[in-house]
Amino acid sequence: MVLLRRVIGDALRTRRQGQHRTLREVSSAANVSLGYLSEIERGQKEPSSELLAAICDALGARLSELLREVSDTVALAEQMPGVLVPVADEPAPVATAAVRKATNRGVRQVTSDGAVAVQVRQDSPLKATLRSTRVRPAERDVVCAA
């Protein structure tokens, strides 16, 4: 099952780390405690819309951009069997090197829409970890083949 708060947290952490900023810098700019921001990024707390807007502002991002990214990630997850709705325990066929590599790292499935790649790791029957990444043009051919 995909938890929206985890996808939001991952998107916020990715943006913050992409800017090479610390939790302390962003928490100070957003006027939120460092511990609470850390819990949001780890998907343990669900931020209010006001707090999410403040964090986006501190990161120099539009709230709509972040929500679009989260929406794209969830939309891709919805297309993957067993992520939002459990399926029988039958292994998916491993077709490409990219999928084999991901499977060896504990990642269950990899999918891409050409701009966003999503990796899913099933932590337990009711908990999955999604990692979404923007795919660079050179990487698109490899991931799309999955």
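A salt bridge is a side-chain nitrogen of Lys or Arg within 4 Å of a carboxyl oxygen of Asp or Glu. Side chains of opposite charge can pair when their charged atoms come close. The legends below look at such pairs in a predicted model, where a search of the whole structure finds five salt bridges.

**View 1. Arg13 pairs with Asp10 inside helix 1.** The closest N and O atoms of Arg13 and Asp10 are 3.2 Å apart. Both residues belong to helix 1, which covers residues 4–18, and they sit three residues apart, or about one turn of the helix. Arg13 and Asp10 are each buried.

**View 2. Arg16 of helix 1 meets Glu41 of helix 3.** Here the side chains form a salt bridge with an N to O distance of 2.7 Å. Helix 3 spans residues 34–41, so the pair ties together parts that are 25 residues apart in sequence. Arg16 is buried, and Glu41 is buried too.

**View 3. Asp10, Arg13, Arg16 and Glu41 form a network of salt bridges.** Now put the first two views together. The Arg13 and Asp10 pair and the Arg16 and Glu41 pair are both part of this linked group.

**View 4. Arg15 forms a salt bridge with Glu65.** The closest N and O atoms in this pair are 4.0 Å apart.

Technical notes: Residues numbered from 1 in each chain as written. Predicted model: local features only at pLDDT ≥ 70, side-chain atom pairs only at ≥ 80, totals over all residues. Heavy atoms only, no water. Helix = DSSP H or I, 4+ residues; strand = E, 2+ residues; numbered from the N terminus. Buried < 20%, exposed > 50% of the residue type's maximum accessible area, 1.4 Å probe, protein only.
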